[in-house]
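I opened the notebook to look through one chain.

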Amino acid sequence: SFSDYLHCLVTMVAMVAGLTYTLLDWPSYIEAIGALSLCTEATLAIPQFLKNYRTRSTEGMSVSMVLLWFLGDSGKTLYFLLRASPFQFLLCGSIQIIIDILILFQVVLYGGNPSHRVD
């Protein structure tokens, strides 16, 4: 239920906040949180890619939307490159760009047409 979800969310946030407050002076902990955050952001589109692949449909997705994802991720990665950001930023940005290209290929290939669906 929604109230169970909220209870779980509040509990998790409280636990992570308490842990972060306790370990704030440990650089390894801060690095681990940063790495986890970068990996999470870099792989956000993977479930969409897998859904598109399973259903053979990109219904509701447009080429322009995926192109804007690609432009945003490319711009961010270029910024990381020009600012000599740490390697993990470039790696995660590159992963995002690759996933964007794969999803763009799916949008063009499947054309958003539900008739390509494989249930």
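My entries on helices, core and rings follow.

**Model.** I am working from a predicted model.

**Helix H4.** I started with H4, which covers residues 63–82. I checked its length first. At 1.5 Å a residue, its 20 residues should span 28 Å, and the end C-alpha atoms are 28 Å apart, so the two agree.

Next I asked which residues of H4 are buried. They are Val66, Asp73, Ser74, Thr77 and Phe80. These cover an arc of only 120° around the axis, so they sit on the same side of H4. I then looked at the other side of H4, where Leu68, Leu71 and Leu82 are exposed. What do the buried residues of H4 pack against? I found that they pack against H5.

I also noted the residue that comes just after H4. Ala84 takes a positive phi there, about 55°.

**Asp73.** I wanted a closer look at this residue of H4. Is Asp73 buried or exposed? Its relative accessibility is 13%, and the cut-off for buried is under 20%, so Asp73 counts as buried. I listed its contacts beyond four places in sequence: Gln96, Ile97 and Asp100.

**Gln106.** I moved on to H5, residues 87–110, where Gln106 is placed. Gln106 has 3% relative accessibility and therefore counts as buried. Leaving out residues up to four places away in sequence, I found that Gln106 touches Phe49, Asn52, Tyr53, Thr58 and Gly111.

**Nonpolar core.** I looked up the largest nonpolar core. It has seven residues: Ala45, Met61, Val66, Ile99, Ile103, Leu104 and Val107. Which helix gives the largest share of this core? It is H5, with four residues. Val66, already noted among the buried residues of H4, is in the core too.

Residues up to four places away in sequence aside, Met61 touches Gln48, Asn52, Val66, Trp69, Ile103 and Val107.

**Rings.** How many aromatic pairs are there? I noted three. Ring pairs link Tyr79, Phe80 and Phe89 into a cluster. Phe80 is also one of the buried residues of H4.

The charged end of Arg56 sits over the ring of Tyr53, and I noted 4.3 Å from the ring centre.

How values were computed. Residues numbered from 1 in each chain as written. Predicted model: local features only at pLDDT ≥ 70, side-chain atom pairs only at ≥ 80, totals over all residues. Heavy atoms only, no water. Helix = DSSP H or I, 4+ residues; strand = E, 2+ residues; numbered from the N terminus. Buried < 20%, exposed > 50% of the residue type's maximum accessible area, 1.4 Å probe, protein only. Contact = heavy atoms within 4.5 Å. Expected span 1.5 Å × (residues − 1). Arc of directions from axis to C-beta. Phe/Tyr/Trp six-rings, centres within 6.5 Å; stacked < 30°, edge-to-face > 60°. Lys NZ or Arg CZ within 6 Å of the ring centre and 35° of its normal. Core = buried A, V, L, I, M, F, W, Y, C linked by side-chain atoms within 4.5 Å.
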